[in-house]
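Open your viewer and get ready to select residues as we go.

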Amino acid sequence: MISYEDFLANADAEDIRVMNLLSQGHTISFNDGGEAEAMFQRVVRLDSAGFVLRASRHFERVDGVLWQRFDGLIDPVAANYLARAASERVQLSRDPLPTD
């Protein structure tokens, strides 16, 4: 596993968004083949970096439309890095947090 500093330097905003969704148990779905292939490449890269413990790609046809769905399990260290990055972003934000 890489250091937190390397994580921040190498994980772009979309990587962080994808890892956040997967860490919360979401399935990410696409009905556009190009977008799905880009997601597949991203998940393979995140897996190679050690951020993903398990990743799955599923194909499903719904009403004649092919959907590709991705789910996975994020490495606990990567999940910790996500939480730390979110905490630091809140601490550095000048925007007040919502109160309601």
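A residue counts as buried here when its relative accessible area is under 20%. Keep in mind that this is a predicted model.

**Stop 1: helix α2.** Select residues 13–23, which form helix α2, and colour D15, V18, M19 and L22, the buried residues of this helix. Now look down the axis of α2: these buried residues line one face of the helix, because they fall within an arc of 95°. An α-helix has 3.6 residues a turn, so residues three or four places apart point the same way. What do the buried residues of α2 pack against? Show α1 (4–10), β1 (28–30), α3 (33–48), β3 (65–74) and α4 (76–92), and you have their partners.

**Stop 2: the ends of α2.** Select D12, which caps the N-terminal end of the helix: one of its side-chain oxygens is 3.1 Å from the backbone nitrogen of E14.

**Stop 3: the largest pocket.** Select A13, I16, R17, N20, L82, A85, A86 and R89 to see the lining of the largest pocket. Helices α2 and α4 are the elements that each give two or more residues to this lining. The space inside comes to about 190 Å³. Coloured by class, the lining shows five nonpolar, one polar and two charged residues.

**Stop 4: V52.** Finish in strand β2 (residues 52–62) by selecting V52. Is V52 buried or exposed? With a relative accessible area of 5%, V52 is buried. Beyond its neighbours within four places in sequence, V52 touches L46, D47, L73, I74 and D75.

Terms used. Residues numbered from 1 in each chain as written. Predicted model: local features only at pLDDT ≥ 70, side-chain atom pairs only at ≥ 80, totals over all residues. Heavy atoms only, no water. Buried < 20%, exposed > 50% of the residue type's maximum accessible area, 1.4 Å probe, protein only. Helix = DSSP H or I, 4+ residues; strand = E, 2+ residues; numbered from the N terminus. Arc of directions from axis to C-beta. Contact = heavy atoms within 4.5 Å. Polar contact = N/O pair within 3.5 Å; in protein donor to acceptor, adjacent residues only side chain to side chain. 1 Å grid on protein atoms, 1.4 Å probe; cavity = no way out; pocket = protein on both sides within 12 Å on 5 of 7 lines; lining within 4 Å. Points joined across faces, edges and corners; volume = space filled by probe spheres on them. Nonpolar A, V, L, I, M, F, W, Y, C, P; charged D, E, K, R; others polar.
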